[in-house]
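Student: Could you take me slowly through one part of this model, the part where charged side chains meet, and then show me how it sits within the rest?

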Amino acid sequence: MTEPSRPLPYQPGAVSLFFVAKAGVFAAGFWIWLLVLAISGGVATGVHVLAATGAITTTLVGVVLGVRMALQHSAAVRHAEVKRLLVDISWNAFTAAGNAESPGKVVPFPSAPPESERGPYRGDRMPAPDRGAAGERPLGRERGAGERRR
């Protein structure tokens, strides 16, 4: 039996890829412009500095955006794997709870004990401790000046 097809995990979309490609195109343009200026010779002017600055800046922006896109992609894959594992764990627990008599991979969910196994008190409540005779204060802490009597 083939495994059912699972939806693809979120992948960083076309917008991220667009900005990485745009930065790459601008970086390539600046590097070509700088190369042309360097080959033509002459004294370095402000145009050379502008071309070099643009080449370095757009290259760094392209690298940073590319790394960010790669990190988003790996995080999306990890997130999809965690979701798949949670669904598998949930399904295994559900089936194990339904087949509690048969041995399963997962411990079944605990259920409330029947009324006969509960204590003599309502629910799981226990009686309050004996507070002593009427009018006596319980041992322990005394009320301070700012505390009210309840």
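Tutor: D88 and R84 are four residues apart in helix α2, which means that about one helical turn separates them; a helix here is a DSSP run of H or I at least four residues long, a strand is a run of E of at least two, and both are numbered from the N terminus. This is a predicted model, in which local features need pLDDT of at least 70 and side-chain atom pairs count only at pLDDT 80 or more, while totals for chains, interfaces and linings use all residues. Residues are numbered from 1 along each chain as its sequence is written, and side-chain values use heavy atoms, with hydrogens and water left out.

D88 forms a salt bridge with R84, and their closest N and O atoms are 2.8 Å apart; the term stands for a side-chain nitrogen of Lys or Arg within 4 Å of a carboxyl oxygen of Asp or Glu. Side chains of opposite charge can pair when their charged atoms come close. R84 also forms a salt bridge with E81, where the closest N and O atoms are 2.6 Å apart, and these two residues, both in helix α2, are three residues apart, again about one turn of the helix.

The cut-offs are under 20% for buried and over 50% for exposed, with partly exposed in between, using a 1.4 Å probe and protein chains only.

Helix α2 covers residues 46-98 and also contains I89, which counts as exposed because its relative accessibility is 54%.

The chain exposes about 13,000 Å², of which carbon and sulfur atoms supply 66%, the areas coming from the Shrake-Rupley method with a 1.4 Å probe.
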